[in-house]
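Welcome, and please have your viewer ready. We will go from one selection to the next and say what is there.

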Amino acid sequence: MMKGVRKAVDIVGQPALARHVSGAHQAPAAQDDGALLEHIVAQTQTIFHAAGTCAMGAGGLAVVDAELRVRGLEGLRVVDASVMPTPVRGNTNAPVIMIAERAADLILGRPTLDPQPDARDSAIHA
């Protein structure tokens, strides 16, 4: 991040852009590591929805299994965006609703729906 900010400072320091940059968004002139880090912390934020901190999967880094149960603990499931192994490219609202619906089915012991379309689906799409 510090290398990227230094590069951005170099670019916006060029005569064509320098006159347009001022105030809180201007990085420290000295650019020593401490001042630059302080600037980065104060001026940056993510625009993405956090996801993947309790990733679901089968690998050694997976926190929850395919039924959203926390590995190594009894009676605990994680049901939010943190179970997504990788963040979705759009808003997380609909995927989290789907995860919650699936969790409700798992907790209530409802069977998994058959992924194969039935005859009615074939007739609709014919």
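Start by selecting A104, which sits in helix α4; helices (H or I, at least four residues) and strands (E, at least two) are DSSP runs, numbered from the N terminus. A104 is partly exposed, at 29% relative accessible area (buried means under 20%, exposed over 50% and partly exposed in between, with a 1.4 Å probe and protein chains only).

A word on what you are viewing. This is a predicted model, where local features need pLDDT of at least 70, side-chain atom pairs count only at pLDDT 80 or more, and totals for chains, interfaces and linings use all residues. Residues are numbered from 1 along each chain as its sequence is written, and side-chain values use heavy atoms, with hydrogens and water left out.

Zoom out to the whole protein. It has five helices and zero strands, in the order α-α-α-α-α from the N terminus. Of its 126 residues, 17% are buried.

Next, select I99. Leaving out residues up to four places away in sequence, I99 touches L68, V79, D80, V83 and M84, where a contact means heavy atoms within 4.5 Å. In soluble globular proteins, nonpolar side chains tend to be buried together.

Move on to S82, in the loop between α3 (33-43) and α4 (93-108). Is S82 buried or exposed? S82 is buried, with a relative accessible area of 10%. Beyond its neighbours within four places in sequence, S82 contacts A51, G52, T53, C54 and A55.

For the last stop, show helix α1 (residues 2-12) together with α3: their axes come within 10 Å and cross at roughly 90°. Axes are lines fitted to C-alpha atoms, for helices over the stretch in contact, and angles run from 0 to 180 degrees between N-to-C directions. α1 is therefore roughly perpendicular to α3 (the term covers 65 to 115 degrees). To see the contact, select M2, V5 and R6 of α1 with D33, L36, L37 and I40 of α3.

Conventions: Parallel < 35°, antiparallel > 145°, perpendicular 65-115°, else oblique.
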